[in-house]
Amino acid sequence: DHTVDKIATDGFTKLTRLLQYTTGKAKDAIKSCAMIGGDKGYKLARSILKERFGNDLLISEKLISVLKNGGPIRTATDLQILSDEMANCSEVLRHMHRTEELNSQHFIAAIVDRLQIFRKHKWRTEAMEMKRTKDRYPDFEDLVKFVKQESELANDPVYGDDELLSFTPNKSRSIEQVNYCSQQQNSYTDT
């Protein structure tokens, strides 16, 4: 609606823009609408997209599946991606009024199982503390906050996971690392 329907004025332009902004299965499903063209082709394309890809249940199941069945988190970058996916999923499903599935402890445990072992232990400690003090298990929003905090820590340029893993007890920082950190610090103090 925002990038096609409200921008273009005629059906031909709307259909052209819609085709420009779609890829993969969505584009394959509507490319024949270009042969029809105009308002009729545009309306048919929107109808096909709504039927195949606009079903709230299908959208929520896909978002949940991606979070639950994704691969193990091995790097700080993986953790950042998971954090972003979780925040996006939460926002989309809240907008669709479908958050009840997110708070299942089985679903939350499946996401936690993707984390590195030390983060699993940290989460379990927090979860048991919440159960003890608040008489409830953490919900999905609690996990979103936890993963976000862990991601910020893991991706920190000084104390992040990748930086810590690059040091060994017998090695000191390389000149390049020291220069990079100095440049980053100077750019923060200049602004």
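Helices, in what follows, are DSSP runs of H or I with at least four residues, and strands are runs of E with at least two, numbered from the N terminus.

Good morning, colleagues. The structure above is a predicted model, in which local features need pLDDT of at least 70 and side-chain atom pairs count only at pLDDT 80 or more, whereas totals for chains, interfaces and linings use all residues. Residues are numbered from 1 along each chain as its sequence is written, and side-chain values use heavy atoms, with hydrogens and water left out.

Let me begin with the overall architecture. The protein has 11 helices and 0 strands. Of its 191 residues, 31% count as buried; buried here means under 20% relative accessible area, exposed means over 50%, and partly exposed lies in between, with a 1.4 Å probe and protein chains only. Contact means heavy atoms within 4.5 Å. Among contacts with a separation of 6 or more, 57% are between residues 24 or more positions apart.

I turn next to the interior. A nonpolar core is a set of buried Ala, Val, Leu, Ile, Met, Phe, Trp, Tyr and Cys residues joined through side-chain atoms within 4.5 Å. The largest such core holds 24 residues, and Leu67, Leu82, Met86, Ile111, Phe140 and Leu143 touch the most other members. Two or more residues come to this core from each of α5 (56–69), α6, α7, α8 and α9. Which residues does Leu143 contact, leaving aside its neighbours within four places in sequence? They are Met86, Ile108, Ile111, Val112 and Trp123.

Arg119 lies in helix α8 and counts as buried, because its relative accessibility is 1%. Beyond residues up to four places away in sequence, Arg119 touches Leu79, Phe146, Glu150, Ala154 and Asp161.

On cysteines, I can be brief. Cys33 is buried at 0% relative accessibility, and Cys89 is buried at 1%. A search of the whole structure finds 0 disulfides, a disulfide being a pair of cysteine sulfur atoms within 2.5 Å.

Now to the backbone. Most residues other than glycine have a negative phi. Asp135, although not a glycine, has a positive phi of about 55°. Is Asp135 buried or exposed? At 70% relative accessibility, Asp135 is exposed. His97 likewise has a positive phi, near 60°. His97 sits in the loop between α6 (76–95) and α7 (105–112) and is exposed, with a relative accessible area of 69%.

Finally, the second largest pocket. A pocket, on a 1 Å grid over the protein atoms alone, is an open set of points where a 1.4 Å probe fits, with protein on both sides within 12 Å along at least five of seven lines; lining residues have an atom within 4 Å of a point. The second largest pocket contains about 180 Å³ of space, where a volume is the space filled by probe spheres set on the points, joined across faces, edges and corners. Its lining includes Gln105, Ile108, Val112, Trp123, Arg124 and Tyr137. Both α7 and α8 give two or more residues to this lining. By class, the lining has 8 nonpolar, 1 polar and 2 charged residues; Ala, Val, Leu, Ile, Met, Phe, Trp, Tyr, Cys and Pro count as nonpolar, Asp, Glu, Lys and Arg as charged, and the others, Gly among them, as polar.

Thank you for your attention.
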